[in-house]
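The sequence and structure come first.

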Amino acid sequence: MDRKRFLRTVAAGGASALAGAKVFGAKLTPQKSAGSSGLAVGNWDEVRALFPLRSEVTYLNTGGLGPASQPVLDAVAEQCQLQGRIGEHYHKLFAGARESAAAFLGAKPNEIAFVRNASEGNSIISSGLKLRKGDEVLFESHAHPGGSFAWMNRQKLDGVKVKIFEPSSRSVEENLERLFAKVTRRTRVIQVSHVTATTGLIFDIPAIAAEAKRRGIWFHVDGAQSAGMFPFDVKDLGCDSYATSGHKWLNGPIETGILYIAAERNDEVVCSHIGAYSDSAYELPDTLEYAAAATRHEYGTRNAASVVGLEKAIALQEQIGRERIAEHGARLSELVSQGLQEIKGVELLSPLDSAMRSSILTFRVPGVSCMDVSSRLSKEFKFRTRVVTEEDLNGVRASWHVYHQEADALRYVDAVRSTVASL
Ligand SMILES: Cc1ncc(COP(=O)(O)O)c(C=O)c1O
């Protein structure tokens, strides 16, 4: 399909442009629209209306923080009010939320721990695995500090050796080659971002998992950017552990996160922090037996309102339709990718291959600072983007999600065109 026809099809709302295409590393089955299936949230205007996000600015930084919808904010406020009136910690509400989170990720409830963010989930894995001096841990150079620092800290404290590979935006196979070329007999852990924060590149998680398993290497996925962007099942991913934030693509309350640890590997992750609920019993005297579930990493009194809010955010995703959300993000991202490729002076940093491209799209203007480009897009065109200064990429990143429409994507392409012409 030529570009003009593609844009016309997509701008006309043509889901058919991508139906059956391989996006997010998997084939998505297009869902019926939520409206036609009788659910409350139908078209994208209705979805947008659920979010109190100001309309003067087009917010394109869900990869940094995904603002909560009104139903989520209300659920949190209601629970806070309730606790203000009644007292009590309402820890009992964690059980239902855990079931929802487990079902959402395709896990069992005992494989889920509620954490504060992806960084905490990553740290629980890095500090809980028994590693010795000289053991090697491998991750990609585009890892976010929330993923990489967990292991750098282990290197600093225990002499674990950090090794880094450069991701390729060219092909899935090249990524696998680059990663496994760095694996040695001392490699104990591989970690990758499911979706990189820099360019939105999607790694082939099942392929990495299969090879890691064959070699007896622990495989942890930093999923800060994937849960809520597209549907997947952790059992299909095949990783040993997975951590995500609730306050990005899930649009949950700030300071929420989920950690998954495969039940059969649970005992390999010891507690780095501990308190009530980490133990199978509660009171002394006791020999301190860790709880036989990922819940051992939830210790002490927690904010039930946050967890209730996260449960609401998960329910809202299901209501809108997870495949539908994924397909929408992929369509907008494809639209922007096609548009930016036409602009002279713009270099796309995100993968062109739809199997590796996500709802995050990053470009740069060689020779021009990303700060200048991003600030022009903000001041003149009211787009909130995020600069990508990591690894000297000099990029500008936009995250396409449920509160955006084709018109926003087309306006963004026009704004980039005008910005580049004026620089
Ligand atoms: C891949 C990745 N990992 C970890 C994080 C850290 O997330 P949080 O601050 O929610 O822990 C981010 C944040 O952008 C990220 O993109």
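## Overall fold

Among the contacts in the protein with a separation of 6 or more, 72% are accounted for by residues 24 or more positions apart. The model is a predicted one, and the protein in it has 13 helices and 15 strands. Of its 423 residues, 47% count as buried.

## The shell around the ligand

There are 14 residues around the ligand, and of these Asn-117, Ser-119, Gly-146, Ala-197 and Ala-224 come nearest. Divided by class, the shell has ten polar residues, three nonpolar residues and one charged residue. At least two residues of this shell are supplied by helix H5, which spans 118-128, and at least two by helix H6, which spans 145-158.

How many of the eleven residues of H5 are buried? Nine of them are, so the helix is largely enclosed by the rest of the structure. The buried residues run through Ala-118, Ser-119, Glu-120, Gly-121, Asn-122, Ser-123, Ile-124, Ile-125 and Ser-126; one of them, Ser-119, is also among the residues that come nearest to the ligand.

Phe-149 has its place in helix H6, and its C-alpha atom lies 9.5 Å from that of Ser-126, a residue 23 positions away in sequence. Whereas Ser-126 belongs to the buried residues of H5, Phe-149 is partly exposed, because 16 other C-beta atoms lie within 10 Å and the cut-off for a buried residue is 20 or more.

## Contacts of helix H11

Helix H11 (residues 322-341) and helix H13 (residues 406-422) have axes that come within 9 Å and cross at roughly 25°. Angles under 35 degrees count as roughly parallel, and H11 and H13 are therefore roughly parallel to each other. The crossing in which H11 passes H13 is right-handed. On the H11 side the contact is made by Leu-332, Leu-335, Val-336, Gly-339 and Leu-340, and on the H13 side by Glu-406, Ala-409, Tyr-412, Val-413 and Val-416. Eight residues of this contact are nonpolar, with one polar and one charged residue besides.

H11 also meets helix H10 (residues 304-320), and here the axes come within 5 Å and cross at roughly 75°. H10 and H11 are therefore roughly perpendicular to each other. Gln-317, Glu-318 and Ile-320 of H10 meet Arg-322, Arg-324 and Ile-325 of H11, and the residues of this contact divide into three charged, two nonpolar and one polar.

Phe-104 is found in helix H4, which covers residues 94-105, and it counts as buried because it has 24 C-beta neighbours inside 10 Å. Along the sequence Phe-104 and Val-234 are 130 residues apart, yet in space they are 9.5 Å apart, C-alpha to C-alpha.

Pro-206 is found in helix H8, which covers residues 205-215. With 15 other C-beta atoms within 10 Å, Pro-206 is partly exposed. If residues up to four places away in sequence are not counted, Pro-206 touches Asp-236, Leu-237 and Gly-238. Cys-239 lies 33 residues from Pro-206 along the chain, and the C-alpha atoms of these two residues are separated by 7.5 Å.

## The loop between H3 and H4

Which backbone angle is positive in Glu-88, although it is not a glycine? The angle is phi, with a value of about 75°. Glu-88 lies in the loop between helix H3 (70-86) and H4, and with 10 C-beta neighbours inside 10 Å it counts as exposed.

Tyr-90 lies in the loop between H3 and H4 as well. Although Tyr-90 is not a glycine, it has a positive phi of about 60°. Is Tyr-90 partly exposed or buried? With 17 other C-beta atoms within 10 Å, Tyr-90 is partly exposed, since a buried residue would need 20 or more.

Methods: Residues are numbered from 1 along each chain as its sequence is written. This is a predicted model: local features need pLDDT of at least 70, side-chain atom pairs count only at pLDDT 80 or more; totals for chains, interfaces and linings use all residues. A residue is near a molecule or strand if its C-beta atom, placed from the backbone, lies within 6 Å of it. Helices (H or I, at least four residues) and strands (E, at least two) are DSSP runs, numbered from the N terminus. Ala, Val, Leu, Ile, Met, Phe, Trp, Tyr, Cys and Pro count as nonpolar, Asp, Glu, Lys and Arg as charged, and the others, Gly among them, as polar. Axes are lines fitted to C-alpha atoms, for helices over the stretch in contact, and angles run from 0 to 180 degrees between N-to-C directions. Angles under 35 degrees count as roughly parallel, over 145 as roughly antiparallel, 65 to 115 as roughly perpendicular and the rest as oblique. A crossing is left-handed if the near helix is turned anticlockwise from the far one by less than a right angle, and right-handed if clockwise. Two residues are in contact if their C-beta atoms, placed from the backbone, lie within 7 Å. A residue is buried if 20 or more other C-beta atoms lie within 10 Å of its own, exposed if 12 or fewer, and partly exposed in between; C-beta atoms are placed from the backbone.
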